[in-house]
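Student: I have a new model open on my screen and would like to learn how to read it. Could you walk me through a few features?

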Amino acid sequence: MFGRGTGLWHLSAATDVGTVREINQDNFYIMEKIKTHPSLTHYAVQKSGKGGLLCAICDGMGGGVRGEEAALLAVKALQGWKTERFFRMEETALEQEFIRKIQQLNDFIYETINKGKKIGGCTMTLLYLDKKKTFVVNVGDSPCICFKQDICKVVSVADNHAGQLYRWGEITEKAQWKHPGKSHLTQYLGMDPDSVLLSPHIYKASTLGEELYLLASDGLLDMLIPEDIGELLKKIQPGKNLAEELVDAAKRSGSRDNITVIVVRKEDKK
C-alpha cells in the first residue's frame, strides 16, 4: 500500500464535482495555489516533501446557498498559516494554537457569510505533520482515516447526528456511514460564536512507524466504508494517483455528492 520514497511525506490529491451536482462545494489546501470552484470540476495532483506539511479538506454545506464560499474562505485562511512556526512549537502549544486559529476562522466565516441571515458553512479536516509531530484536527464530518500495518482507524470525530448515535452506543461504527442522520451536522465552521463555543477535535499520532492518512469529503464515504477503502488502496498499482483512483471508484459506485480525497503517506523515521 505504501511503497517507498526518499521524502518525509508523499501526497496525492483529487477532487471531482460528481455525477449530479452542478458545482463542487468542496475545496482543499495542499500548500499550493488555491483552486477556485470553476477549476474544481476535476483536478488531481501528486507531490512529495521533506519539510512540514499542512493539508486540509473543506466541504461546503450542501444545504447552504454559500457553502462553496465558506469552503474557499477556509482554505484561503490556511494559506496564511506558517508551518515553519508550527515546526518550532511543542505539542501542547501547537494543539492550543490549532484550536485558537480554527475558532477565529469560525468567527470570520460567520461574520462574512451568515450575519446577514444567509446560511453558509463548511467542514474542515486538516493534517499537519513534521519530523516530530503529527496532528489531525477536524470540525464537522469530513473523515480522516489512518492506515498502519493493515489496520484502519478513523481518527476524526463525526460532528453529525449519526456520529452522536455511534458515540452513545446506539448504532455500530459501520452503520454510522449509511445512517440518515449523517446529513445533519452538529458542528461546522460558520456557527454563531455568541451561541456556540466551537470545539475542534484533536488527534495526535505517534511519530514512529510508517502510516498513511486519508482525508475525504463525505462523498467518498457515501458509497465506500473505511474497510472498503483499505482494500482498494492495496489493489492500486504503484505510481498511480491514489486519491484519484479512490475518487473514480466512488463515482463508479454511484456517489451522488462532490468527492474530494487527499492521501498522505508518512515515511518511517525511527
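This is a predicted model: local features need pLDDT of at least 70, side-chain atom pairs count only at pLDDT 80 or more; totals for chains, interfaces and linings use all residues.

Student: Let's begin with the core. Which residues of the largest nonpolar core touch the most other members?

Tutor: The general idea is that in soluble globular proteins, nonpolar side chains tend to be buried together. Here the largest nonpolar core has 33 residues, and those touching the most other members are Phe98, Ile102, Ile109, Met124, Leu126 and Leu189. Two or more core residues come from each of strand E4 (53-59), helix H1 (67-79), helix H3 (91-114), strand E5 (124-129) and strand E6 (134-139). The largest share, seven residues, is given by H1.

Student: I'd like to follow one of these. What is leucine 189 in contact with, leaving aside its neighbours within four places in sequence?

Tutor: With that exclusion, leucine 189 contacts Ile102, Leu105, Asn106 and Ile109, among others. The list also includes Ala74, Gly120, Gly121, Cys122, Met124, Val139 and Leu198.

Student: Now helices. How do I describe two that pack together?

Tutor: Two packed helices are described by the angle between their axes and the distance between the axes. Take H1 and H3: their axes come within 10 Å and cross at roughly 140°. The crossing of H1 and H3 is right-handed.

Student: Which residues meet between H1 and H3?

Tutor: On the H1 side, look for Glu69, Ala70, Leu73, Ala74 and Ala77; they meet Leu105, Phe108, Ile109, Thr112 and Ile113 of H3. Sorted by class, this contact has eight nonpolar residues, one polar and one charged.

Student: And what is the crossing angle of H7 and H8?

Tutor: The axes of helix H7 (residues 226-235) and helix H8 (residues 242-253) cross at roughly 125° and come within 10 Å. H7 is therefore oblique to H8. Their crossing is right-handed. In the contact, Ile229, Leu232 and Leu233 of H7 meet Leu242, Leu246 and Ala249 of H8. By class, those are six nonpolar residues, with no polar and no charged ones.

Student: Lysine 234 is in helix H7 too. How should I read its accessibility?

Tutor: Compare the relative accessible area with two cut-offs: under 20% is buried, and over 50% is exposed. Lysine 234 has 41%, so it is partly exposed.

Student: Let me try glutamine 25. Is glutamine 25 buried or exposed?

Tutor: Glutamine 25 counts as buried because its relative accessibility is 7%. It lies in the loop between strand E1 (9-16) and strand E2 (26-29). Sequence separation is a separate matter from distance in space: glutamine 25 and cysteine 122 are 97 residues apart in sequence, with C-alpha atoms 8.9 Å apart.

Student: What about threonine 186: where is it found?

Tutor: Threonine 186 sits in the loop between helix H5 (173-176) and strand E9 (201-204). Its relative accessible area is 34%, so threonine 186 is partly exposed. Beyond its neighbours within four places in sequence, it contacts Asp159, Asn160, His161, Gln164 and Met191.

Definitions and conventions. Residues are numbered from 1 along each chain as its sequence is written. Side-chain values use heavy atoms; hydrogens and water are left out. A nonpolar core is a set of buried Ala, Val, Leu, Ile, Met, Phe, Trp, Tyr and Cys residues joined through side-chain atoms within 4.5 Å. Buried means under 20% relative accessible area, exposed over 50%, partly exposed in between (1.4 Å probe, protein chains only). Helices (H or I, at least four residues) and strands (E, at least two) are DSSP runs, numbered from the N terminus. Contact means heavy atoms within 4.5 Å. Axes are lines fitted to C-alpha atoms, for helices over the stretch in contact, and angles run from 0 to 180 degrees between N-to-C directions. Angles under 35 degrees count as roughly parallel, over 145 as roughly antiparallel, 65 to 115 as roughly perpendicular and the rest as oblique. A crossing is left-handed if the near helix is turned anticlockwise from the far one by less than a right angle, and right-handed if clockwise. Ala, Val, Leu, Ile, Met, Phe, Trp, Tyr, Cys and Pro count as nonpolar, Asp, Glu, Lys and Arg as charged, and the others, Gly among them, as polar.
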